[in-house]
Amino acid sequence: MRSGTKGLRIASLLQIIFGVGYFFLARYLLGEGEVVLGDLSGEDALMTVLISYGGCAFQVIAGLIGLALANRKSLLTVILGILLFLPVLVNFINTEGDVLTIVITAVTLVFPYLYLHNAWKNFKA
């Protein structure tokens with residue numbers, strides 16, 4: 001067994017869980033009318049919704065691929081890990097506000113990093 005196999009499986013399951021959870025959260029908030037889109041036009045609001053759902057789908061797909069390739073040396077899982085980690089890192093860098101918001105955003109970095117780290121360990125083994 002490769003050194004990152006177990007960790008990649010756990011990280012992949014977490015990505016699937018969070019992707020599905022974010023999907024249902026977005027669906028609930030949009031259905032309840034709780035989301036305030038501000039001065040966005042209809043096209044911009046639609047694009048925001050599509051990007052949100054696309055991100056959720058990408059997390060689930062990356063998790064499924066990570067599970068399927070957890071026992072193999074795969075560059076694809078490393079690339080998916082980078083694609084999962086970079087947007088969260090950019091969001092963290094652009095985070096403004098109180099300490100709680102910064103801490104919560106920092107915690108969201110852990111799970112894509114776990115995926116990326118274990119995918120890299122698996123690839124290097």
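Contact here means that heavy atoms lie within 4.5 Å. The structure is a predicted model, in which local features need pLDDT of at least 70 and side-chain atom pairs count only at pLDDT 80 or more, while totals for chains, interfaces and linings use all residues. Residues are numbered from 1 along each chain as its sequence is written, and side-chain values use heavy atoms, with hydrogens and water left out.

View 1. Thr 5 lies in helix H1, where helices (H or I, at least four residues) are DSSP runs numbered from the N terminus. With a relative accessible area of 0%, Thr 5 is buried (buried means under 20% relative accessible area, exposed over 50% and partly exposed in between, with a 1.4 Å probe and protein chains only). Once its neighbours within four places in sequence are left aside, Thr 5 is in contact with Ala 70, Asn 71 and Asn 122.

View 2. Not counting residues up to four places away in sequence, Leu 8 touches Gly 66, Leu 69, Ala 70, Thr 77, Tyr 115, Asn 118, Ala 119 and Asn 122.

**View 3. The aromatic pair of Phe 18 and Phe 111.** Rings of Phe, Tyr and Trp (its six-membered ring) pair if their centres lie within 6.5 Å, and planes under 30 degrees apart count as stacked, over 60 as edge-to-face and the rest as tilted; by this rule the count comes to six aromatic pairs. The ring centres of Phe 18 and Phe 111 are 4.8 Å apart and their planes stand at 45°, so this pair is tilted. Because Phe 18 lies in helix H1 and Phe 111 in helix H5, the pair ties together parts that are 93 residues apart in sequence. Phe 18 is partly exposed, at a relative accessible area of 26%, and Phe 111 also counts as partly exposed, at 25%.

**View 4. The aromatic pair of Phe 23 and Phe 24.** Phe 23 and Phe 24 form an edge-to-face pair, with 5.4 Å centre to centre and 70° between the planes. Phe 23 counts as partly exposed at 31% relative accessibility, whereas Phe 24 counts as exposed at 53%.

Notes:
Helix = DSSP H or I, 4+ residues; strand = E, 2+ residues; numbered from the N terminus.
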